[in-house]
Amino acid sequence: MAPRIKTLSVKGFRAFGSGEQTLNLPADITVVWGPNSTGKTSLAEAFEFLLTGQITRRELMASTQAEFADALRNAHLAAGEEVFVSAQITATDGKTYEVRRVLTNDYTKSRDCMSHLEIGGAAATEDDLASLGIVLSQPPLQAPVLAQHTLSYIFSVRPQDRATYFKALLEVTDLDDLRNDIAALADELIPLDDPLLTKFDTCVAIPVLNPTLDGLRNTIPDLAGLTAGIKVAARTLIEAEGGTARELLDERLLAIDKILAYRRSKTFPVREFEHNDLAGWNPPAPEIWTRLDFYLDAREKVAEEKRQLVSLFDVALKLPALFELTEPIDCPLCGTKSALTPERVQLIRQHVEDSKDFKIAKMAAKSALSHLSTSANSLATAAKDALPRYLKTPAIKRRETGFTIARIRELLVDPSAKLINPWLGQVRSLVRAESALRRSALAACKIVKEQTAETTDFRILNKLRDVFSTLATLRTTYVSVLDAYKASESVLCMALNEVLDVKSDTTGWQDFLDIARETYTLRNVLIERAARAAIKTELDAALRQIDWAKEQVLNDKFSDFSTLIQTWWERLRPDESTFFSTVQPRKGTKRTIDFKAGLTPNPDRSAPKVRDVIAVFSQSQLHCLGLAMFLARAQHEDFGFIILDDPVLSSDEDYRINFNSTVLTELLKLPMQVIVLTQDYKTWEELEIRYRHLSISTAQLFIDTPGEGSVIENTSDELLAKINRSKSLARGGHPDSRKECGVQLRNAGERFAKEMLVNNRRGKGDTTASLTDYDGKTLGWLCPRIDALLDHDPSHSGRLTAFKNIVNNACHDNAPPGNLEMKHACGEIRFFVKDYLGR
Amino acid sequence: MLDKVEPKNNPDDLLMHLEDGSLAARLVRAHGNCDPANPTESMKDIIQERLQQVRRSIDGTED
């Protein structure tokens, strides 16, 4: 169910004074009558303030915002008195909640007002209203309140600002977001940035290669086909240079290499940059040092004298006499008698045995020293070999070939010239690192070579260990310096080659050689590029389709909304030859909305001319269109209730009947709670009669004293309504107003008298007594008959007669009584009603 | 109380104007993950799948 407002209470807000005023809204339709300046707009704005905390009138009149300072708090309110608007609202859940907003700070010249909202006694925000089913629209016209200034707003704002009014209806930003998300996918498909592709594209630009390579770009063959194509291109290049191509691709590429080098070297000896890779080298294995250590240990174990006698022992032991010695014999060397006993021979054998291990250790040590020597020597050689050729070439010869810094500077112009100095810096570092390594390696080599198995010792061995450790460190440094040098050289050479290629007319040749040697990778990147390009094209097409579809969605929405506005327009102004046609976005714009009118001379509205409504509609028609749009928006956004402050211009009698009948009936059918505020008494009366079957609730607004402020009188009481109407008219300065006041007072007086008679008869048991029994009876007939019933005070009879005389004077052709007399008459009849009828 | 009203367009409104099965329609469905038949298919999945198809087609290795 839609939310329903059951009551609205106002205190101290705008025209409302210190007494809390409550408007009862028990029915689906309520009509409130109030003459000018009695608080109708204040009442409408009270609804607005309750729901939004603002009044849009200030916002819409931007130029006069400062003038709204202190506008919300009633000017006559005593300091400290609370200003609030509250409502009993039956929410969509069927429960009734009190929604209350208290003004805490009024507008100032430059600042918005402040207030706090409560729902069911708890602090709340505007968002919480949604939980009650209350729908608010887009600012600035958020609340479902139609006032004169909101009607004119839509036509007074610039066409490009009208979109705001229809934002909720016509907004497609969510679809825009969707579209943007898809567009972001397309952006992610960035073209493949691969150096091989760049090189390929450069090759395609070479005229002699273009016919073959361009075909490969457009239709990517299989690997064999691609290789064959490259092969054909290589042959074409060679033959264009006057050479003869060999059969194999590699042979052809080597031939191109040579031609390219030759062509480049005619301009600059670029081959001087060539260098070998640094040969691998490992520090001596731990085993080398172990062998040397073992040897030195063994050498210490076997005494020098013994080592010198080993050969003598060997010879002695080979003597046959010693071979199977059982008895002592004389020494064969010195002739000492019985010197060689079996025990002594055994000792000699032990000396020989010991010296065998020593010999093996000595051999191993010699081998280790040799290895160290070779290792140091190879490192020195490798260090030099890794240098670029120009650093190994004597300076004089370098100059002869033309490899000079001056020549390089001559060839490279800015910005490439800026590469030279960094490269030179790296050259210096390289030379220093190579020199340090080579010198250390050669020094190590020399130390090793100076060693013999006999002379070396532990001190030398430790020194060698340190030297080789230093060599390992120097080599590591050299490697990193070499890498840094190569990077700078590579950049320099690339720039230099570009220049050389231009001067030698070989631009793109190097690129061709590079791609020709990587056909597999080339094919993969060509496929990837083509695939991404194809998907990008597909995505672009998809985005165009989505854009078109979005436009159709928007067109559908405009069409639906146009139809809705047309429906309400036709209910207000059926069958007119100038009619509302459509609301549409201006072509080529996103936010500019036009309202179009149809003008036709034909009754069936055929062949209409379409024009902007602003140009052709009368003020009355614009007013109706504004009302139709408000109603269409309210219907579309499913407002549960609307407040219409004088929706029909007083000058528009022609379509008032359409509003009162068709429009209100259709609104109630939606269903929608409708609260109509009107200054037109006839409308109030008519609506009361027309919707009596729906138990229409009625109320009136009036102001007795400015201090008291607007007063709401909830009444379907025809008698009180007439009195209130009279009060309002009595204040009018024009004689016609006072005459009309007299008519109303006469009617009120007659009604009072009739009710007195009916009450009297019913009091006596006549249950059939009815007001209609006195239809057509005038005050002159009625007054004498109630004279006896005015028994509360002896003066009452005379006061009623005086009242009748004033009224009669006002109703006749002669000049009506003055304002004071008329106000007095209003007070008199109000007194009698209260005193005798208790109302 | 500003800009409280969010647009409430349904991707279905768009789909009504897009060719069923087209890349555009598949992406719109995937955007809201509103395809009950394939709720986990993301837009990136669709693009990657299509990219793979095109790669195979150019490579000559499509099924």
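Helices α8(A) and α9(A) are oblique to each other, a class that takes in whatever angles remain once those under 35 degrees (roughly parallel), over 145 (roughly antiparallel) and 65 to 115 (roughly perpendicular) are set aside. The structure is a predicted model, in which local features need pLDDT of at least 70 and side-chain atom pairs count only at pLDDT 80 or more, whereas totals for chains, interfaces and linings use all residues. Residues are numbered from 1 along each chain as its sequence is written, chains are lettered from A and ligands numbered from 1 in the order in which they are written, and side-chain values use heavy atoms, with hydrogens and water left out.

The axes of helix α8 (residues 195-204) of chain A and helix α9 (residues 210-218) of chain A come within 8 Å and cross at roughly 135°. Helices (H or I, at least four residues) and strands (E, at least two) are DSSP runs numbered from the N terminus; axes are lines fitted to C-alpha atoms, for helices over the stretch in contact, and angles run from 0 to 180 degrees between N-to-C directions. The contact (heavy atoms within 4.5 Å) involves F200(A), D201(A), C203(A) and V204(A) of α8(A), together with N210(A), L213(A), D214(A), L216(A) and R217(A) of α9(A). These residues divide into 5 nonpolar, 1 polar and 3 charged, where Ala, Val, Leu, Ile, Met, Phe, Trp, Tyr, Cys and Pro count as nonpolar, Asp, Glu, Lys and Arg as charged, and the others, Gly among them, as polar.

Helix α8(A) also packs against helix α21 (residues 509-516) of chain A, at an angle of about 125° and with the axes 8 Å apart; α8(A) is thus oblique to α21(A). The crossing of α8(A) with α21(A) is left-handed, that is, the near helix is turned anticlockwise from the far one by less than a right angle, clockwise being right-handed. On the α8(A) side the contact is made by L196(A), K199(A), F200(A), T202(A) and C203(A), and on the α21(A) side by D511(A), F512(A), D514(A) and I515(A). The contact of α8(A) with α21(A) comprises 5 nonpolar, 1 polar and 3 charged residues.

Helix α12 (residues 286-301) of chain A and helix α15 (residues 342-385) of chain A have their axes 8 Å apart at an angle of about 140°, and α12(A) passes α15(A) in a left-handed crossing. Among the residues in contact are W289(A), F294(A) and Y295(A) of α12(A) and F358(A), H371(A) and L372(A) of α15(A). The residues of this contact divide into 13 nonpolar, 2 polar and 3 charged.

Two open sheets were examined. In one, 6 strands of chain A follow the order β2-β1-β4-β5-β6-β7 with antiparallel pairing, two strands being paired if DSSP finds at least two bridges between them. Strands β2 (21-24) and β7 (122-124) of chain A each have a single partner strand, so one side of each is left without a neighbour in the sheet. The twist averages 25° from one strand to the next. Within this sheet, strands β4 (residues 84-90) and β5 (residues 96-105) of chain A run antiparallel and are joined by 7 bridges, with A87(A) opposite V99(A) in β5(A).

The other sheet has 3 strands in the order β9-β10-β11 (chain A), again with antiparallel pairing. Its edge strands, β9 (578-585) and β11 (609-612) of chain A, each pair on one side only, and the twist averages 35° from one strand to the next. Strand β9(A) pairs with strand β10 (residues 593-599) of chain A over 7 bridges, and F579(A) stands opposite G598(A) in β10(A). Helix α22 (residues 519-572) of chain A lies across β9 and β10 of chain A and runs at about 160° to β9(A).

Aromatic rings of Phe, Tyr and Trp (its six-membered ring) pair if their centres lie within 6.5 Å, with planes under 30 degrees apart counted as stacked, over 60 as edge-to-face and the rest as tilted. The count comes to 16 aromatic pairs over all chains. The rings of F273(A) and Y390(A) have centres 5.7 Å apart and planes at 75°, so the pair is edge-to-face. F273(A) lies in the loop between α11 (249-265) and α12 of chain A and Y390(A) in helix α16 (residues 389-392) of chain A, so the pair ties together parts that are 117 residues apart in sequence.

Most residues other than glycine have a negative phi, and most peptide bonds are trans. A607(A), in the loop between β10 and β11 of chain A, has a positive phi near 50°. A cis peptide bond with omega of about 5° joins L670(A) and P671(A).
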